[in-house]
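I opened my notebook to look up a few spots in this structure. Here is what I jotted down as I went.

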Amino acid sequence: MSGKGSKSSGGARGARPEAGVTGGGSSSRGERKGGFGTGSSKGESGTGSRAGASRGETRSGFGAGSSRGVGRDGKTVRGGSDGRHRKSTASKLEGVPVSVGQRFESDIIGLTHEGEGVGRVEGYTLFVRGALPGERVEAEVVSVGKSFGRSRMVRIISVGEERQDAPCPIYDSCGGCQLQHLDYAAQLRWKRQHVVDNLVRIGKLTVEGEPSKLTADGTAAGSANPVIVRDTIGMSEPWRYRNKAQVPIGASPEGGRRLIGGFYEHGSHDIVEMDECLIQQSENEQTVRAVKEAASLLDINAYDRVTGRGQLRHVVVRHAISTGQRMVVLVTNGRDLKHRDELVSLIRQNVPGVASICQNVNTVNSPVVFGEETHVLWGEDVIYDEIGGIQFAISARSFFQVNPEQTEKLYRAAVDYAGLSGEETVIDAYCGIGTISLFLAKHARRVYGVEIIPEAVEDARRNALLNGIHNVEFAVGPAEVVMPKWQAEGISPEVIVVDPPRKGCDPELLNTMLQLKPARIVYVSCNPSTLARDLRVLEDGGYRTVEVQPVDMFPHTGHVECSVLLKWAGD
């Protein structure tokens, strides 16, 4: 393993534990901030992407606990409440029991959705990066808000039983993973509990085996039929799972023409060089290394986000596990690419299995990786991979799940929940490139997929033809607009499947589904908080949430995806 400390570009550094203390990153990573170990699948930019803000919870944990804070004057304080954070530059806020720079001791009673420990001082919530439930830590306050603050861990006073040494040598500075310091079995339990907490707190649902919330009149809130939340489906080998890497490129701080690339340091736009990432497939690492070396040899300069000058912004690589094909996408600041032919030749010589070399042009000074213009420099415009026996053509900007092994488990659960006999009509909203649609089409009479991004629909149609699947039809447009048109044409679905971005379903789509009243709705979610919000709307409209299957798509990060079954329970 090698993780170099070279950095390029400027930016504020996030709070980090002192030497000897393992800390977890707290950035949720999609395509907007490049790097080897980026996390969320649906924040990605490009064909089939569906942008949406992360709307996670402020806390989710194993249970309640006590907390004691010790101020600099030696006085002990106690507490317990939480809330939303508005960062303050002031060192002290009225009514807040701590100030910036103050050290305190606290028991850690839970984890946030970003993997930060949750402590309390006099009822005031403080997030402690790198701390775990069951531990007692000393930390220093780095920011305060009216409802909660953030702190830097100084030392662990009492080490939790589920803590482990993070195997990554640069885990403390990288923002790609948040939970490497937590035992993997404990990660799976926490992710299930994170789902449960959201269903109960936001969705007002009753979960089997969990205490019921009481209403004002003392009766149990939520559904009379408790929701079953299954154990999280994990990986037997939760490393080396990502089939895609996107790496920001910068100039070496030592000068010269050597380029560096790896990831953005936690809380900044400093590029920290990295040659190996433990959640990335080794083929992608080798490809990135070869491209950096070739570009450095040819004196191709890196983009400088401060001045807006320079050529090479990102290197994006894909590896298709089933075929062994590799794709290289060079994201450049303008159409001109210095020594283009020589660069293509070196990549072909040094990257085994390369089948596609593309250039994407992005001249906008923003954190978005891809621009709108892509063209092929050499080879094909796609590579081919498969999930569950279905083949997919993947273009430079296609949305394709980065963990095929877990994707198959997630989609199998969705198909099982759909309960198809071969006679049903199914609508797949947010269908993207047709991934779930094609799974469903093998078991349904007919599947209708709808997606707002035209390029994604083109890919979906191509993938249907590629697999000889003819009982599927795709349309471009907002699902809440297209679905009523289908209904007017006499299309009446028995099942609707939704797979929205992190922001959840559009309210109009929820209303449309309630009007169509399919017998079953299958909700595939990448964000437990917006899932719970949407389930509450559907429950109020006459549906009953039956079962939830969490799937660990991104081991060692705070992300968890779910397949959910709802059944019509109204008149």
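Before starting, I noted a cut-off: a residue is called buried when its relative accessible area is under 20%. I also reminded myself that this is a predicted model.

**Entry 1: a serine.** I looked up serine 563, which sits in strand S26, residues 561–568. Is serine 563 buried or exposed? Its relative accessibility is 0%, so serine 563 counts as buried. Next I checked what its side chain reaches, and found the backbone oxygen of leucine 410 at 2.9 Å. Leaving aside neighbours within four places in sequence, I listed the contacts of serine 563: among them are Leu410, Ala413, Ala414 and Tyr417, and also Tyr523 and Glu547.

**Entry 2: two helices.** I then went to helix H2 (residues 282–297) and helix H3 (residues 340–350), whose axes come within 9 Å and cross at roughly 145°. I wrote the crossing down as right-handed. Which residues meet there? From H2 I noted Gln286, Ala290, Val291, Ala294, Ala295 and Leu297, and from H3 Leu343, Leu346, Ile347 and Asn350. Sorted by type, the residues of this contact give eight nonpolar, two polar and no charged.

**Entry 3: a sheet.** Last, I traced an open sheet of six strands, in the order S4-S8-S9-S7-S6-S5, with mixed pairing. Its edge strands are S4 (103–107) and S5 (110–111), and each pairs on one side only. I followed S4 to strand S8 (residues 136–144): the two run antiparallel and five bridges join them. For one partner pair, I picked glutamate 105, whose bridge partner in S8 is glutamate 138.

Conventions:
Residues numbered from 1 in each chain as written. Predicted model: local features only at pLDDT ≥ 70, side-chain atom pairs only at ≥ 80, totals over all residues. Heavy atoms only, no water. Pairing = 2+ DSSP bridges. Helix = DSSP H or I, 4+ residues; strand = E, 2+ residues; numbered from the N terminus. Axes fitted to C-alpha atoms, helices over the stretch in contact; angles between N-to-C directions. Left-handed = near helix turned anticlockwise from the far one by under 90°. Contact = heavy atoms within 4.5 Å. Nonpolar A, V, L, I, M, F, W, Y, C, P; charged D, E, K, R; others polar. Buried < 20%, exposed > 50% of the residue type's maximum accessible area, 1.4 Å probe, protein only. Polar contact = N/O pair within 3.5 Å; in protein donor to acceptor, adjacent residues only side chain to side chain.
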